[in-house]
Amino acid sequence: MADLKHGSLRYELRADLEEERIRQKIAERTSEETLRIYSLRLFLNCIVLAVLAACFYAIYRATIFSQEHMKKEIDKMVFGENLLILYLPSIVITLANFVTPMIFAKIIHYEDYSPGFEIRLTILRCVFMRLATICVLVFTLGSKITSCDNYSCELCGYNQKLYPCWETQVGQEMYKLMIFDLIIILAVTLFVDFPRKLLVTYCSSSKLIQCWGQQEFAIPDNVLGIVYGQTICWIGAFFSPLLPAIATLKFIIIFYVKEMSLIYTCTPSPRQFRASNSNFFFLLVLLIGLCLAIIPLTISMARIPSSKACGPFTNFNTTWEVIPKTVSTFPSSLQSLVHGLTSEAFAVPFFMIICLIMFYFIALAGAHKRVVVQLREQLSLESRDKRYLIQKLTEAQREMRNRLD
């Protein structure tokens with residue numbers, strides 16, 4: 001435990017020194033160097049946007065292709081073709097989530113940022129990629145469900161010919177994403193990480209194996225994988241009520257598989273994510289995932305007509321209509337309370353109080369940040385004073401020795 005703490009302190013010291021070196025380098029840049037680095041960053045960010053756009057378009061096309069060919073008769077397909085068509089969007093999304101972080105990690109090295117900002121920017125890009133892929137899939141499904149050809153939406157308000165039970169279709173897609181993500185994690189751990197450990201251990205004389213090295217356990221990447229799975233669970237729980245149980249079982253399996261991988265195949269990452277940043281950052285990512293999950297759910301409940309062929313909302317035009325219908329069956333006093341809580345007279349003061357509380361915590365966080373900056377400056381001054389005193393003491397001892405000699 002003590003070795004881990006000393007290692008963490010050494011890393012913090014190296015990170016602070018590197019940050020200071022980067023700041024001095026930025027301050028010493030000429031106008032030409034500044035223009036060159038900003039032009040390079042603009043070009044590299046255009047590449048990042050192009051990669052994201054290509055991934056989103058691939059997911060869109062894969063979803064369209066899968067939905068259009070899903071109604072093909074099963075007996076006309078071979079077994080592999082059927083599975084490929086059914087899981088094509090999940091395969092494309094998983095490949096995009098697997099390839100793009102490696103591309104982002106290569107690009108960030110040429111943008112000349114500080115080490116801490118490099119990690120945060122790479123993680124933010126990966127977060128956007130992972131969560132946006134789910135949104136692209138959901139909104140593509142929504143556009144197909146509400147698309148009407150040859151008056152196919154006249155009766156029900158949605159494409160009942162292709163999607164007689166569209167809620168089931170959306171739940172199936174979330175279920176496929178969850179299962180395929182579990183399969184990929186197990187496959188990578190069992191068939192990539194463990195063989196890589198064996199090669200590094202028993203074939204260490206090979207230069208290629210030495211360059212490849214042992215697998216590093218990056219905490220941010222694994223936490224983002226959990227957030228990704230949790231977002232899928234949030235979106236799919238409404239359409240597939242058993243999906244949270246499947247997600248719980250999946251996370252339990254992943255926990256023990258990752259534990260074995262950490263103990264037997266991985267080494268600590270040389271770039272550690274600071275604990276002071278991790279709690280806030282991961283909670284923020286989780287909040288973003290929750291907000292992104294609420295948006296398609298709200299649209300599907302309020303705008304898309306419910307299925308007329310199956311489901312518990314067949315007698316309602318939209319899923320949301322069940323709520324006012326249920327409230328109308330309450331006693332009059334309870335109805336008055338519900339109407340009061342949902343009225344503008346309650347919502348506006350409540351929103352203002354929430355904003356005041358939020359501004360208070362923002363101001364408190366800013367004050368704490370200023371105190372932390374002052375304490376760091378004080379520690380820096382004290383360390384300089386100590387170095388100065390040690391230097392003077394050394395010079396005095398040297399002069400004393402010279403006099404004695």
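Is Lys-250 buried or exposed, and what is its relative accessible area? Lys-250 is buried, at 2%, where buried means under 20% relative accessible area, exposed means over 50%, and partly exposed lies in between, using a 1.4 Å probe and protein chains only.

Before I go on, please keep in mind that this is a predicted model, in which local features need pLDDT of at least 70 and side-chain atom pairs count only at pLDDT 80 or more, while totals for chains, interfaces and linings use all residues. Residues are numbered from 1 along each chain as its sequence is written, and side-chain values use heavy atoms, with hydrogens and water left out.

Let me turn to the charged residues. Side chains of opposite charge can pair when their charged atoms come close. The structure holds two salt bridges, a salt bridge being a side-chain nitrogen of Lys or Arg within 4 Å of a carboxyl oxygen of Asp or Glu.

In one of them, Asp-181 pairs with Lys-250, and their closest N and O atoms are 2.7 Å apart. This pair links distant parts of the chain, since Asp-181 sits in helix H6 and Lys-250 in helix H9 (residues 243–264), 69 residues apart; helices here are DSSP runs of H or I with at least four residues, numbered from the N terminus. Asp-181 also counts as buried, at 10% relative accessibility.

A salt bridge also joins Lys-176 to Glu-173, with 3.2 Å between the closest N and O atoms. Both residues lie in helix H6 (residues 166–202), three residues apart, which is about one turn of the helix, and both are buried.

Technical notes. Helices (H or I, at least four residues) and strands (E, at least two) are DSSP runs, numbered from the N terminus.
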